[in-house]
Amino acid sequence: MILSGSEPAFLLVRHGETEWNSAGRFQGAKDSPLTSRGREQAQSAGRRLAAMFSSAAPVRAYVSPLGRARETASLISEHVNLDIQIDQRIAEVSIGCWDGMSMYEIDAEFPDALKGSRPHDWYFRSPDGETFEGAYARVTAWLREARAPAIVVTHGLTGKLIRGLYEQLSKQAMLMLPAPQDGFYQLANGRSEFIQSD
């Protein structure tokens, strides 16, 4: 049982920093391993999460199937007894043929594709990537079925959609949310609160 509030909560963790995060590449459905900093971020989140539970009973954990999220969950499990449930619906939004590319490469290979885009919506300009509506629908379906309390190990953009849906934000507001890797969000009573890792 979570100690920090009387209502069940989701504890939303973004995976730790990866090699492509560090290099400025957008991963989407592709993957790269955690950096040493990313592994420490996951360990730190695990220690902080462990302090939030009153018993050693297994804690439900919904985890994206992508390697960086699974690696993060594995490191967290060194501190918290996780009952891991892999769920494709909380995988990162794919930007299709842009997966694995930097912004410079996207702009060079797809001139004018980002013209008129804003910082919060460029992800959905890919010619063959996932649409906002598609990503929103799968995250909505997951959130309707997910049972709290639970730890959720997911990604930057998908985490924004989960928080935005939970808080009933507009599309623009949810896509403008921050996606830090040095802590996690507690979702309870229709609100989210950032909790810094140790």
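Rings of Phe, Tyr and Trp (its six-membered ring) pair if their centres lie within 6.5 Å; planes under 30 degrees apart count as stacked, over 60 as edge-to-face and the rest as tilted. This is a predicted model, where local features need pLDDT of at least 70, side-chain atom pairs count only at pLDDT 80 or more, and totals for chains, interfaces and linings use all residues. Residues are numbered from 1 along each chain as its sequence is written, and side-chain values use heavy atoms, with hydrogens and water left out.

**Exercise 1.** Find the residues that ring pairs link into a cluster.

*Solution.* Start with the total: the structure holds 10 aromatic pairs. Then trace the links. Ring pairs join Phe 26, Trp 98, Phe 110, Trp 122, Tyr 123, Phe 124, Phe 132 and Tyr 136 into a cluster. Lys 171 lies over the face of Phe 132, 4.6 Å from the ring centre. The criterion is NZ of Lys or CZ of Arg within 6 Å of the ring centre and within 35 degrees of the ring normal.

**Exercise 2.** Characterise the pair of Phe 10 and Trp 142.

*Solution.* Geometry: the pair is tilted, with 5.9 Å centre to centre and 50° between the planes. Location: Phe 10 is in strand β1 (residues 10-14) and Trp 142 in helix α5 (residues 132-145), 132 residues apart. Helices (H or I, at least four residues) and strands (E, at least two) are DSSP runs, numbered from the N terminus. Burial: Phe 10 counts as buried because its relative accessibility is 8%. Trp 142, at 1%, is also buried. Buried means under 20% relative accessible area, exposed over 50%, partly exposed in between (1.4 Å probe, protein chains only).

**Exercise 3.** Describe the surroundings of Tyr 185.

*Solution.* Tyr 185 pairs with Phe 194: tilted, 5.1 Å centre to centre, 55° between the planes. Tyr 185 is buried at 10% relative accessibility; Phe 194, at 30%, is partly exposed. Finally, the charged end of Arg 163 sits over the Tyr 185 ring, 3.6 Å from its centre.
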